[in-house]
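Q: I have a model open and want to learn how to read its features. Can we go through them one at a time?
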Amino acid sequence: MTWLELDKEYVWHPYNSLPSKTKILPVISTNKTSIFLETGEVLIDAMSSWWSAIHGYNHPKLNDALKKQVEIMPHIMFGGLAHEQASLLSKKLVDLTGLHSIFLCDSGSVSVEVALKTAILYQKAKGLKKYKFLALEHSYHGDTLGAMSVCDPQNSMHSIYGSYMSEHIFTKAPKLGFFSNCEEEIKVLEDNFEKYHKEIAGFIVEPIVQGAGGMRIYNPQYLKKARELCTKYDVLLIADEIATGFGHTGLMFAYEHADIKPDILTIGKGLTGGYMTMAAMITTRNVSEIISNSEIGVLMHGPTFMANPLACSVANASIDLLLESNWQENVKNIESIFSAELKAAKELKLVKDVRNIGAIGIIELKDDSYAQEVQDYCVKNGVWIRPFGKLIYSIVAYTIKEEDLRIIVKTMINAIKNIKEKK
Ligand SMILES: *Cc1c(COP(=O)(O)O)cnc(C)c1O
């Protein structure tokens, strides 16, 4: 069997059947923002590997960091042992966030699990039994059990798991739009805090952009209010910036749009520049001190591969690379190209809404039955797009060439124009 035939026979792909009913493309290599297929085709990458490859692929500085580290120490357990790359990375994260205590773990979903557990420990340390969380409708926080249970219960892909998941409290998500009025949703939030604050350990939110749950951009005022309410009721504010972090919305972290700080932060995806799987759960000094000084005393979690030195070294190189680049200018430039080029989609009959912020451009269709058709058209025309239901979206590396970005948006729009309406 060829390796692609082996894939078809044995390999389960994300959110898929085995064998896959839809086409899986054979990738042989990547470079910058290009994806090279075995068939000889070259695709412009419009997905940056699910928000992660912020510098594009095979960056010489990131490649070097990994090569250097692999000769020194590819891995070492973190229980009872420390290493330089983890310490340096933690200091960088402290400097970037102004927070204090860093737990390095192996994927975004795991960092969300750790965040939820930490919030419960914090409340317990204060003598409170608070085992519920408040979350937003349309939220997405990951695919593991705890993370799934704070994802939107109706719209998420997790509803099939039924009572396997624990039940939490969901509040109305703020209206679409960075400048939209969200007084009504704030009122609902206030009511929920009043009603449930004795049960809820934390309020978990994706700041400014709700990602996989609907690609929804909302008003920073909502976050400001959430911060106030969390402080008032001593409910921890958990910012899930796994998607939005590292500049995707134009600021380093999206919560900066609201000029607030969370009590707990989760980051992942772009952390290693898309090279290796790693995430972090970060808390204020207050949270870690209260837990550490209590009877509980410890954060009961410890993935085998936590703080993997290879991942830490490439994360260090990626953050350095980001900070020494003109990333803010690049993202601003990307934002204005998305704004200008996406306008043409507004007029199309199948389009419900068009929106963008930072390095993220979104076309929402009225119908969710065209995802595959759009993907096929884009691939045929040299662009790697993977729509999700009604959402045709692109998240690009900050290093993308302007002309390639224009091609991406034009191809998205042409793909919609090309749809042969069913019925
Ligand atoms: C992707 C994502 C996660 C899960 O991260 P994984 O690394 O896929 O486990 C959690 N929260 C948000 C907001 C995400 O976008």
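A: Start with charge pairs. This is a predicted model. Side chains of opposite charge can pair when their charged atoms come close. Here, D234 forms a salt bridge with K126. Their closest N and O atoms are 2.6 Å apart.

Q: Which parts of the chain does the pair of D234 and K126 tie together?
A: D234 lies in the loop between α8 (220–233) and β10 (236–240). K126 lies in the loop between α5 (108–125) and β5 (132–136).

Q: How many salt bridges does the whole structure have?
A: A search of the whole structure finds 18.

Q: Next, domains. How is the chain divided?
A: Domain 1 takes 3–59 and 326–418. Domain 2 takes 62–324. The C-alpha centres of domain 1 and domain 2 lie 26 Å apart. Their contact draws 27 residues from domain 1 and 34 residues from domain 2.

Q: How do I put a size on the interface between them?
A: The size of an interface is often given as the accessible area lost when the parts come together. Domain 1 and domain 2 bury about 2,500 Å² between them. Of that area, 67% is on carbon and sulfur atoms.

Q: What counts of salt bridges and polar contacts go with domain 1 and domain 2?
A: The count of salt bridges between domain 1 and domain 2 is zero. The count of residue pairs in polar contact between the two domains is 13, both residues being at pLDDT 80 or more.

Q: Which elements supply the side of domain 1 that touches domain 2?
A: Five elements each supply at least two residues: α2 (48–51), α11 (327–346), β13 (351–357), β14 (360–365) and β16 (391–395). β13 gives the most, with four residues. By class, this side of domain 1 has 17 nonpolar, eight polar and two charged residues.

Q: Now the ligand. Which residues surround the ligand?
A: Among them are S107, G108, S109, Y140, H141 and G142. E206, D240, I242, A243 and K269 also surround the ligand.

Q: Which side chains have an N or O atom at 2.6 Å from an oxygen atom of the ligand?
A: S109 has one, with a side-chain N or O atom 2.6 Å from a ligand oxygen. K269 has one too, again at 2.6 Å from an oxygen atom of the ligand.

Q: Last, the backbone. What should I look for?
A: Most residues other than glycine have a negative phi, and most peptide bonds are trans. Look for exceptions. A cis peptide bond joins L18 and P19, with omega about -5 degrees. P19 is found in the loop between α1 (3–10) and β1 (27–31). K32 is not a glycine, yet its phi is positive, about 50 degrees. K32 is in the loop between β1 and β2 (34–37).

Methods: Residues are numbered from 1 along each chain as its sequence is written. This is a predicted model: local features need pLDDT of at least 70, side-chain atom pairs count only at pLDDT 80 or more; totals for chains, interfaces and linings use all residues. Side-chain values use heavy atoms; hydrogens and water are left out. Domain bounds come from an automatic or database domain assignment. Contact means heavy atoms within 4.5 Å. Buried area is the accessible area (1.4 Å probe) that two parts lose on being put together, summed over both. A salt bridge is a side-chain nitrogen of Lys or Arg within 4 Å of a carboxyl oxygen of Asp or Glu. A polar contact is a pair of N or O atoms within 3.5 Å; within protein, one must be able to donate a hydrogen and the other to accept it, and residues adjacent in sequence count only if both atoms are side-chain atoms. Ala, Val, Leu, Ile, Met, Phe, Trp, Tyr, Cys and Pro count as nonpolar, Asp, Glu, Lys and Arg as charged, and the others, Gly among them, as polar. A residue is near a molecule or strand if one of its heavy atoms lies within 4 Å of it.
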